[in-house]
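Please read the numbered points with the sequence and the model in view.

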Amino acid sequence: MSQCKGISWTGGSAIKRDLARYDGLEFGATGDKDDYAHAAIQQAIDTCGAAGGGIVYFPPGAYTSGTLHLRSHVTLHLEAGATLYASKDPEHFDRRALIYAEDAENITLEGRGTVDGQAEYQWRLSDIEDRYIYSNPASYTHLTLPTTYS
């Protein structure tokens with residue numbers, strides 16, 4: 001753990017608060033996307049929360065995790081160049097969320113970094129009936145108009 005006194009930690013980052021800083025790398029995260037960093041990140045969050053709050057800091061790098069449980073008075077700060085990736089393994093999630101908090105207050109996600117859920121989109125042609133838009137495709141079909149564009 002290191003202390004922030006309103007001075008920038010890395011080039012261009014200026015966080016003007018006197019809060020304890022918990023660097024994810026100091027807890028074992030490597031910043032390599034292929035390394036599963038959940039245990040290290042969650043330990044940093046838990047330590048920060050147990051100390052009364054502060055900032056869990058992610059320097060530039062790629063961090064892959066399952067569900068992260070935030071604690072009260074904890075700020076996740078993603079530095080520019082840092083990306084928090086959702087794991088593609090469903091077993092890594094005990095909730096349907098990458099970042100989760102329950103009965104917590106004063107939580108923040110900040111910084112110029114990125115949160116990437118790694119979602120994939122599958123284009124499917126009318127294989128389900130969506131009752132909110134059903135009347136439009138049904139009208140098109142009835143009028144023999146195409147329901148998709150090529």
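This is a predicted model: local features need pLDDT of at least 70, side-chain atom pairs count only at pLDDT 80 or more; totals for chains, interfaces and linings use all residues.

1. R95 is partly exposed, with a relative accessible area of 37%; partly exposed is the class between buried, under 20% relative accessible area, and exposed, over 50% (1.4 Å probe, protein chains only). Its salt-bridge partner is E102, and the closest N and O atoms of R95 and E102 are 3.7 Å apart. E102 also counts as partly exposed, at 47% relative accessibility. A salt bridge here means a side-chain nitrogen of Lys or Arg within 4 Å of a carboxyl oxygen of Asp or Glu.

2. Residues are numbered from 1 along each chain as its sequence is written, and side-chain values use heavy atoms, with hydrogens and water left out.

3. How many salt bridges does the rule give? The count comes to three. One of them joins D46 to R71, with the closest N and O atoms 3.1 Å apart. This pair links distant parts of the chain, 25 residues apart: D46 belongs to helix α1, and R71 to the loop between β5 (68-69) and β6. Both ends are partly exposed, D46 at 31% relative accessibility and R71 at 35%.

4. The closest N and O atoms of D23 and R21 are 4.0 Å apart.

5. The overall plan of the chain may now be described. The protein chain has two helices and ten strands, where helices (H or I, at least four residues) and strands (E, at least two) are DSSP runs, numbered from the N terminus. Along the sequence, the pattern reads β-β-α-β-β-β-β-β-β-β-β-α. Of the 150 residues in the protein chain, 33% are buried. Among contacts (heavy atoms within 4.5 Å) with a separation of 6 or more, 57% are between residues 24 or more positions apart.

6. Strand β3 (residues 54-58) deserves attention, since five of its five residues are buried. Strand β2 (residues 20-23) pairs with β3 in the parallel sense over three bridges, and D23 stands opposite Y57 in β3. Two strands are said to pair if DSSP finds at least two bridges between them. Between β2 and β3 the chain passes through helix α1 (residues 38-50), and this β-α-β crossover is right-handed. Right-handed means that, with the strands pointing away from the viewer, the path from the first strand over the helix to the second runs clockwise. Strand β3 also runs parallel to strand β6 (residues 74-78), to which five bridges join it; there G54 stands opposite V74.

7. Which residues of helix α1 are buried? They are H38, A40, I41, Q42, A44, I45 and C48. An α-helix has 3.6 residues a turn, so residues three or four places apart point the same way. The cover over the buried residues of α1 includes β2, β3, β4, β5, β6 and β7. Q43, also in helix α1, counts as partly exposed at 43% relative accessibility. The C-alpha atoms of Q43 and Y22 are separated by 9.8 Å, and the two residues are 21 residues apart along the chain.

8. The length of α1 agrees with expectation, because its 13 residues should span 18 Å at 1.5 Å a residue and its end C-alpha atoms are 18 Å apart. The expected span is 1.5 Å times one less than the number of residues in the helix. After α1 comes G52, whose phi is positive, near 100 degrees.

9. A further element is an open sheet of three strands, ordered β4-β7-β10 with parallel pairing. Why does one side of β4 (61-65) and of β10 (114-116) lack a neighbour in the sheet? These strands stand at the edges, each with a single partner strand, so one side of each is left without a neighbour. Strand β7 (residues 82-86) pairs with β10 in the parallel sense over three bridges, and Y85 stands opposite D116 in β10.
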